[in-house]
Amino acid sequence: MPQSPGSSRLLTVLSYIALTLLLALPLAVVMVRSGLWQQGLLLYAVSCLAAALVLLLLMLLLALPKYRQQARRIGLAGLLVLPGTVLFLAVLASRGDYPPIHDISTDLSDPPRFTHAPTLRGPDSNSLEIKPDSQGLQREAYPDLESLRSTRTASNAYRHALEVAKGLGWEIAWQDPDNGFIEAVETTAIMAFKDDVVIRIRSTADGSVIDLRSVSRVGVGDIGANAQRIRAFVDGFTEQGT
C-alpha cells in the first residue's frame, strides 16, 4: 500500500517535534543550573508532558492501518520522546506520595536554627522561618524522623557528625563546635539545586542527642529529598554504632 502524502507529512512533523522535545531536556537543565530555575523547570515540565502526549499519539497512529507501513519511522520518533515520557511518569508516580513541603527536621518542637545559611541564600530563596502547617504535614508523612540519641559524648558526636557529613559529599559551610552546630550545603547531581542543612549536637546525661534540619532553597515541594538526606545521615552516623 503506497504511503499517502498526508500521513508522511504528519510523521515528519511529529519526528521534528520529538527531536525538539529531546533537545529541550538538557537545555532545561542548563537553564536551572545557570540560575533560571523557574523557567528551566517550566521548560522541563512542559517538555516531559509533551513527550508523553506525542508518544501516545504515535502509539495511536501505529494502530491505524494506513500507518503500519511506517512503523519504523514511528518507532524512531517514539525513541526520541521516550526519555521525556519516562521522566514524566516517574515524577507523576512519586509526587502523590510526598507532601508539598521543603523544610524537614528531626525535632519539630524545637527545630535547629540556621546561623550562616541566611548569608548564602538569595533574596528569592525559601524562607527559613518555621511553619507550623509544614510541621504537621511532616509529622504525617515522615513519622520515622526523630532525634538521634547517642552514647557518644557531645564532642565525640560532633566530630563524628562532621565526618559523616563530609562523607556524604556535603560542603561544610560553617562550624561552631563550642555550641554544637554544623551547617552544610548539598548540591543535587543533575539540576544543581543547593539545599541547606544544620546539625545540632547537645549533651545529655547518657551521651548526646543529634538533630538535623534540611531546607530546600527553591521550590514548594522537595519530592522527599530532604527527608531522604536526613535518613542518609542517620544511617551513616549509626553505621559504626551510636
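A salt bridge here is a side-chain nitrogen of Lys or Arg within 4 Å of a carboxyl oxygen of Asp or Glu. Arg121 is buried at 10% relative accessible area, and Asp196 is buried at 2%. (Buried means under 20%, exposed over 50%, and partly exposed in between, using a 1.4 Å probe and protein chains only; helices, H or I of at least four residues, and strands, E of at least two, are DSSP runs numbered from the N terminus.)

Keep in mind that this is a predicted model, where local features need pLDDT of at least 70 and side-chain atom pairs count only at pLDDT 80 or more, while totals for chains, interfaces and linings use all residues. Residues are numbered from 1 along each chain as its sequence is written, and side-chain values use heavy atoms, leaving out hydrogens and water.

The structure holds 10 salt bridges. Another one joins Arg202 and Asp110 at 3.0 Å, N to O. Arg202 lies in strand E5 and Asp110 in the loop between E1 and helix H4 (132-141), so this pair ties together parts 92 residues apart in sequence. Here Arg202 is partly exposed at 38%, and Asp110 is partly exposed at 30%.

Now look at helix H5, where Ala157, Tyr158 and His160 are among the buried residues. After H5 comes Gly169, whose phi is positive, near 85 degrees.
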